[in-house]
Amino acid sequence: MATRTEGDLSTVLTAGGVRRSFGAAVVLDGVDLAIAPGEVVALLGGSGSGKSTLLRILAGLDPDATGTVRRPPHQAVVFQEHRLLPWKRVIDNVALGLSGPEAHARARAALAEVGLPDRDTAWPAELSGGQAQRVAVARALVREPELLLLDEPFGALDALTRLRMQQLFIRLRAQHRFAALLVTHDVDEALLLADRTVVLEGGRLVEDAPVPLTHPRTPDDPGFGALRRHLLERLGVAA
Ligand SMILES: Nc1ncnc2c1ncn2[C@@H]1O[C@H](COP(=O)(O)OP(=O)(O)OP(=O)(O)O)[C@@H](O)[C@H]1O
C-alpha cells in the first residue's frame, strides 16, 4: 500500500483503488474516496460489508491492504470501545503521546470541551460508558486533527447518551472544523451529522450522496424523511 502524509488544499484524505482480501474472500474491491477539509462523511453499509476494514486501512492500521491512501499529518481515530488505558488516570490518557510542558494544560482544555472538566484525576474504571467515550473524544481532539476517523463511536451507548454525544459532535465540529469519516449503522445518525453519505456494498462504494439539510437538523425535517427512505432502500431495508 502506498501511503503519503502531506498537505493538500483540496482534500484532507484521498484513497484510490483500495483492495483487501481475507483468504479467498474479497472484502474491498477497489474503493475510491476523497474527503474535503472540514467535510463530514458518513460510511454506511450492511453488517460485514467492510466498513471497519476500510476505516482501519484509511487510518493506516492495516499493512496488508493495497491501493493508495493519502492522509493528513494530524488525524485521530475513535473506536466503539473507548480503548483507554486502565492504569492511567483520565488526564494522562488524554495527554498520552503529547510532549512538552503544555501537555496537561491542553488535555485539561480538551476535557472541559467534552464536558468533563472535573474528571481529570479519575481512573477509567470510575467512568460511565458515556463519560469514557467523551474522554476518548478528548484524546482525539487534543491532537488538533484535520481528520477524525470514527468507527461506530456512539454505537455502544444508550439512546439518551447517544443523542447527547451526537449534539457534542455537532458542537465540536462547528468549533474545530475537522473533517470526519463516521462509520455508522444508524441512518438517522448519518443524516443528523454528515454532509455526505456513502454506502459500501459488494466491496465498493455504490452510493455517494450529499445531505442538503441545514443545521440544526431533526428527524422531523421535511427533507429528512425522504433521505432516510432512500438510504434504507439502498441498504436493502424496507422503509
Ligand atoms: N482479520 C480478519 N480476518 C478474517 N476476516 C476478517 C478480518 N477482519 C474482517 N474480516 C471479514 O471481513 C468482512 C468485513 O468485516 P468488517 O468488520 O470490516 O465489516 P463491517 O461492515 O464493519 O461490519 P459490522 O457493521 O458488522 O461491524 C467480514 O466478513 C469479516 O468477517
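**View 1. In this predicted model, β7, α5 and β8 form a right-handed β-α-β unit.** The two strands of the unit, β7 and β8 (residues 179-183), pair in the parallel sense over five bridges. Within this pairing, Leu182 of β8 is the bridge partner of Leu150.

**View 2. Strand β7 is also paired with β6.** Four bridges join β6 to β7, and the two strands run parallel. On the β7 side, Leu150 is the bridge partner of Val78.

View 3. Five of the five residues of β7 are buried.

**View 4. Helix α4 spans residues 129-141.** From its first C-alpha to its last, this helix of 13 residues reaches 18 Å, close to the 18 Å expected at 1.5 Å a residue. The helix is mostly covered, with 11 of its 13 residues buried. Among the buried residues are Arg134 and Arg139, together with Gln133, Val135, Val137 and Leu141.

**View 5. The buried residues of α4 pack against strands and helices.** Their strand partners are β6 (75-78) and β7 (147-151). The helices they pack against are α2 (90-95), α3 (103-113) and α5 (159-176).

**View 6. An unreviewed UniProt entry lists residues 13-227 as "domain: ABC transporter".** Over this range the chain is 32% helix and 28% strand. The end C-alpha atoms of the range are 26 Å apart.

Methods: Residues are numbered from 1 along each chain as its sequence is written. This is a predicted model: local features need pLDDT of at least 70, side-chain atom pairs count only at pLDDT 80 or more; totals for chains, interfaces and linings use all residues. The expected span of a helix is 1.5 Å times one less than its number of residues. A residue is buried if 20 or more other C-beta atoms lie within 10 Å of its own, exposed if 12 or fewer, and partly exposed in between; C-beta atoms are placed from the backbone. Two residues are in contact if their C-beta atoms, placed from the backbone, lie within 7 Å. UniProt positions are given in the numbering used here, feature names are shortened, and annotations may be inferred rather than shown by experiment. Two strands pair if DSSP finds at least two bridges between them. A crossover is right-handed if, with the strands pointing away from the viewer, the path from the first strand over the helix to the second runs clockwise.
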